[in-house]
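These are my notebook entries on a structure that I examined part by part. I recorded each item as I looked it up.

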Amino acid sequence: MVRSVVRDTVGDRIFMAFNYLVLTLLLVVILYPLLYVLGASFSSGQAIASGRFWLWPVDATLAGYEAIFKNRMVLVGFYNSLFYTLVGTLINVVMTILAAYPLSRPELPGRRIIAFAFFFTLLFSGGLIPTYLVVRDLDMLSTRWAMILPTALSVWNVFIARTFFENTIPKELREAAELDGCDDFNFLGRIVLPLSGSLLAVLALFYAVGHWNSYFNALVYLYDQSLWPLQLVLRDILVQNQVDPGMLVDAREMAAKAQLREILKYSLIVVATVPLLIVYPFVQKHFVKGVMLGSVKG
Amino acid sequence: MAIVRPITQTSARPRESRKLFKRVRRHWQLYVLLLLPIIYLLVFHYWPMYGVQIAFRNYNPIKGFLGSPWVGLDHFERFFNTYDFVRTLRNTLVLSVYSLVAGFPFPILLALGLHYTARKWFKNSVQMVAYAPYFISVVVMSGMILQFLAPNTGFINHFRNLFGLPDLNFMARPELFPHIYVWSGIWQTVGFACVIYVAALSGVDTTLHEAAIIDGASKVQRMWHIDLPEIMPLAILLLVLSLGGILSSGFEKILLLQNPLNLRTSEVIDTYVYRVGLVSAIPNFSYATAIGLFKSVVGLVLVIVANQVASRFGRSSNVY
């Protein structure tokens, strides 16, 4: 923004003070629930229930964390989520590039029709039940495939990637490569992809976050608990309040069990969110870029 | 280089079919690349679209999509005549319109506020914190909402107690559901939604601000007369485009926050389809598909209308 060389007037200074005040307030409103969860996960259940805990752990304990690692489901879910995220993201990125690169070539015969076939799926879909029946007819219910293949590609991301290729790969580059005898496969693999680092990062980020955070497909397609991703295990505990009694063996009395039940939820939220928080600072820059790539042209 | 370039914009008229064939053959590798994505589209998008015809049939698992008996519009009539139709449609519209309207000003205000901060470290830290909730999953988000609002143990009720107010069982009060849904959503997405406005603001022509400073405009005046008018077209455009998705917002979160006590205001079309089609003891695939189809068709019309309106503003988005 433009800053004047003249000293700020009183009105401007009041405005700036007000601005900082509002932003600080917003910072607190966003940050408080997050820090509350973190603090509560280390606090004693008794302090939380009685309202003595506000932000800093009271009677600090690791009981919540110990309780969740007693539950095999949480560990299995963690492993499954990791698997779906890694394999799923890999397939997603490859498929997106495969679709987006040819569509970015203006001279490809039939490009408009093919692009419309992709675009139409954004406008209209068969809906929940027909998609479920297709997955069932393919015998993929309650298999790992059901978590990976039906979401192998996001059409929205294909268009993001296509726009990126159109804007960053000059056609002179391809013509030069073509003269030197480079075919399309080699051009994509040796020239386009090495130039598309930021696109690959953005795609991988969006897809990976999507996989890690999704629960609904698992809820619909997976009956076998040993295949459940972490989010579905979380749903049972956090939302349905179904806490496996094995997690509460450390607490003897009923009241203590109820309190442990509360703090282990906070610990669970922390554990489930930590992988994202670890990558977050590294990807934040790309994330903003990704939003802009997919956004409206001015 | 231009000499060796193939002619790009020829149409495929019959007498040019040999030329077209040559062009297709010349680019065969690109079609090979497209093969897997197209198979994916056909299997997981177009096959379900074909299967949508069971909305007009009584689906029989053994007979499949085509063999099941035809019943015409029976399922639609049945849905339009139930009380659930009015209720789910009303709840869907209330939740989406409320989210759109209440959520509209906050990202703009946040972006303006960030734009006028002089200290870069402060701006960066606010942004960093504001984006973070966007990465929280719906399950964790819903779990947090339930924990914070819980009677006796939740901190919102502890705050109420500080002011001498009694505990409130938020999730058991149907009239509170829209507020809980909408405001938790704003909390989670305000940072994400402001990214685009921050970028738009940094693109505002600096000469406008320079001229205004010379004429003695205050910061508030510059914000009101320069920045706001400059980003308003973008804001309106985004609002209009989001009207297209008004029948299908927040389904996953609503499903998690639902309970038998707040169902009166929390049952939306999508959750109803899920309940009727997949959860119910006697799942009715055809009836659920018909309701889903009704929603998809209305949604399609809304998206097209929204885009027509949006293009009136003289801007278009990437894809169209």
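**Entry 1: a helix pair in chain B**

I began with helix H6 (residues 105–115) of chain B and helix H12 (residues 219–243) of chain B, which pack at an angle of about 135° with their axes 12 Å apart. I note that the model is predicted. I recorded the crossing of H6(B) and H12(B) as right-handed.

I then listed the residues that make the contact. H6(B) contributes Ile108(B), Leu112(B) and His115(B), while H12(B) contributes Met223(B), Asp227(B), Ile231(B) and Ala235(B). By class, I found five nonpolar residues, one polar and one charged in the contact of H6(B) with H12(B).

**Entry 2: a helix pair in chain A**

I next looked up helix H4 (residues 72–103) of chain A and helix H13 (residues 230–239) of chain A, whose axes cross at roughly 145° and come within 7 Å. From H4(A), the contact takes Met73(A), Val74(A), Gly77(A), Phe78(A) and Ser81(A). From H13(A), the contact takes Leu230(A), Gln231(A), Leu232(A) and Val233(A). I counted six nonpolar and three polar residues in the contact of H4(A) with H13(A), and no charged ones.

**Entry 3: the domains of chain A**

I turned to the division of chain A into domain 1 (10–69 + 244–293) and domain 2 (72–227). The centres of domain 1 of chain A and domain 2 of chain A, taken over C-alpha atoms, are separated by 33 Å. I found 11 residues of domain 1 of chain A in contact with 12 residues of domain 2 of chain A.

Which helices each supply at least two residues of the side of domain 1 of chain A that touches domain 2 of chain A? I identified helix H3 (63–69) and helix H14 (254–293) of chain A. H14(A) gives the most to that side, with eight residues. By class, I recorded seven nonpolar, two polar and two charged residues on the side of domain 1 of chain A that touches domain 2 of chain A.

**Entry 4: the two chains together**

I examined the contact between the chains, where 85 residues of chain B meet 84 residues of chain A. Helix H2 (residues 28–51) of chain B provides the largest share of the side of chain B that touches chain A, namely 14 residues. I sorted the side of chain B that touches chain A into 53 nonpolar, 26 polar and six charged residues.

**Entry 5: loop residues**

I checked backbone angles next. Most residues other than glycine have a negative phi. Asp139(A), however, has a positive phi near 60°, and I located Asp139(A) in the loop between helix H6 (128–137) and helix H7 (145–148) of chain A. Is Asp139(A) buried or exposed? Asp139(A) counts as exposed, because I found 10 C-beta neighbours inside 10 Å.

Ser142(A) also lies in the loop between H6 and H7 of chain A, and its phi is positive at about 60° although Ser142(A) is not a glycine.

Last, I looked up Gly203(B), in the loop between helix H10 (177–202) and helix H11 (206–214) of chain B. Gly203(B) has 12 other C-beta atoms within 10 Å and is therefore exposed. The C-alpha atoms of Gly203(B) and Arg78(B) are separated by 53 Å, and the two residues are 125 residues apart along the chain.

Technical notes
Residues are numbered from 1 along each chain as its sequence is written. Chains are lettered from A and ligands numbered from 1 in the order in which they are written. This is a predicted model: local features need pLDDT of at least 70, side-chain atom pairs count only at pLDDT 80 or more; totals for chains, interfaces and linings use all residues. Domain bounds come from an automatic or database domain assignment. Two residues are in contact if their C-beta atoms, placed from the backbone, lie within 7 Å. Helices (H or I, at least four residues) and strands (E, at least two) are DSSP runs, numbered from the N terminus. Ala, Val, Leu, Ile, Met, Phe, Trp, Tyr, Cys and Pro count as nonpolar, Asp, Glu, Lys and Arg as charged, and the others, Gly among them, as polar. A residue is buried if 20 or more other C-beta atoms lie within 10 Å of its own, exposed if 12 or fewer, and partly exposed in between; C-beta atoms are placed from the backbone. Axes are lines fitted to C-alpha atoms, for helices over the stretch in contact, and angles run from 0 to 180 degrees between N-to-C directions. A crossing is left-handed if the near helix is turned anticlockwise from the far one by less than a right angle, and right-handed if clockwise.
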